[in-house]
Amino acid sequence: MDGADASGGQAGCPSGSDGLAGASRAGLDRDPCGQRRGEAVTKARFAATAERLAALGVERIEGLRQRVGSLLELRGNEVVVDAAAGTGPMAMALAPLVREVIAVDLVPEMLDQGRRAARSSANIRWLEGDVYALPLEDRSVDAAAIVRTLHHLDRPGVAVAELARVVKRGGSVLVVDQVASEHPRDRALYERIEVLRDPSHVRTLTGTEVRRLLAEAGLALVQAYSEPDERDLAAFVELAGCDAATRDAVFAYVEELVERWETAGVGLRRAERGFRFTGTVGWYVGRADGEPVGGGRGG
Ligand SMILES: C[S@@+](CC[C@H](N)C(=O)[O-])C[C@H]1O[C@@H](n2cnc3c(N)ncnc32)[C@H](O)[C@@H]1O
């Protein structure tokens, strides 16, 4: 159902493996230059916001570093891939903890910002590439991470399978992303905000769906937890580089929801200035051929 073949699917991208209903298929059509339309949208969106995302990314490095060493059980001699690395906050968090980080992203402007920010991290290799076909051999890295990206992908299952493909036996795959409410109505209300604000948004997965993708990729879940993600709506909209009309449309929709006492499953509320909400970010670690420990905490 993922349409990989119709889209001119690439090597290493099995079709029909994401198992998720309702994901946007629009991104799988190709334009006359052979580029996926979804890919063109993603490139434009992230090229336009790369500088802003780089500044915010730097602020996230320390927090990511505090967790990732123990989550991936790093000892210092590993090679780790950060897939869809963007401007590289996770790559930079990992750099002092491992031998080498391979940071892969589709958008050159994001990689350029990352290279600039990471000048002192000589062990990061920045590669332009696609998460659906990582430029890496089977079982060639010790661990893999994909952070804040699954919701931008029309085939998240293929991406997770790619991470599982490149990780050595016993290696870990870390997935971090915002997760949707398991309540369909709340989920739909929130998704509307995301789709209005960000043309590159495809679909926020629920924790159940992320766990399923890991299992389908042959990864045993060894850690799972979730945490609140506090947001100011104006800053959230700005992050996606919205124009004034888009910003107004998002605010009008949120105003309408709040008037109806709808929280969209994210505690949507009026604040002193504008609106706020509290999303959820899930952290999941899957082990290639590891022993499952029975579902982890929350998430
Ligand atoms: C929200 S950003 C997250 C970046 C980074 N992981 C972080 O945590 O800041 C999503 C990233 O996914 C990248 N991306 C989207 N689709 C991709 C694909 N098919 N292959 C590689 N990168 C992709 C975008 O270019 C962007 O850098």
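Me: Which element gives the largest share of the shell around the ligand?
Reply: The largest share comes from α1, which gives three residues, where helices (H or I, at least four residues) and strands (E, at least two) are DSSP runs numbered from the N terminus. Please keep in mind that this is a predicted model, in which local features need pLDDT of at least 70 and side-chain atom pairs count only at pLDDT 80 or more, while totals for chains, interfaces and linings use all residues. Residues are numbered from 1 along each chain as its sequence is written.

Me: And which residues come nearest to the ligand?
Reply: Ala84, Gly86, Leu106, Val107 and Val147 come nearest, out of 20 residues around the ligand, a residue being near if its C-beta atom, placed from the backbone, lies within 6 Å of the molecule. The elements that give two or more residues to this shell are α1 (37-71) and α2 (89-94).

Me: How does that shell divide into nonpolar, polar and charged?
Reply: There are 12 nonpolar, five polar and three charged residues in the shell, with Ala, Val, Leu, Ile, Met, Phe, Trp, Tyr, Cys and Pro counted as nonpolar, Asp, Glu, Lys and Arg as charged, and the others, Gly among them, as polar.

Me: New topic: which residues have the most contacts inside the largest nonpolar core?
Reply: Those are Ala83 and Ala144, in a core of 86 residues. A nonpolar core is a set of buried Ala, Val, Leu, Ile, Met, Phe, Trp, Tyr and Cys residues joined through C-beta atoms within 7 Å, and a residue is buried if 20 or more other C-beta atoms lie within 10 Å of its own, exposed if 12 or fewer, and partly exposed in between, with C-beta atoms placed from the backbone.

Me: Why is β4 called largely enclosed?
Reply: It is because seven of the seven residues of β4 are buried. Strand β4 also pairs with β5 in the parallel sense, over six bridges, and Val173 in β5 is the bridge partner of Ala144.

Me: Where does Leu213 lie, and is it buried or exposed?
Reply: Leu213 lies in helix α6, residues 207-216, and it counts as buried because it has 25 C-beta neighbours inside 10 Å. Beyond residues up to four places away in sequence, Leu213 touches Pro156, Gly157 and Val160, and its C-alpha atom is separated by 8.0 Å from that of Ala161, 52 residues apart along the chain.

Me: Last one: where is the pLDDT below 50, and what is the mean?
Reply: The mean pLDDT, the predictor's confidence in each residue from 0 to 100, is 87, and 84% of the residues reach 70 or more. Over residues 1-34 the pLDDT is below 50, and over residues 291-298 it stays under 50 as well. Where pLDDT is low, the predicted coordinates should not be read in detail.

How values were computed. Contact = placed C-beta atoms within 7 Å. Pairing = 2+ DSSP bridges.
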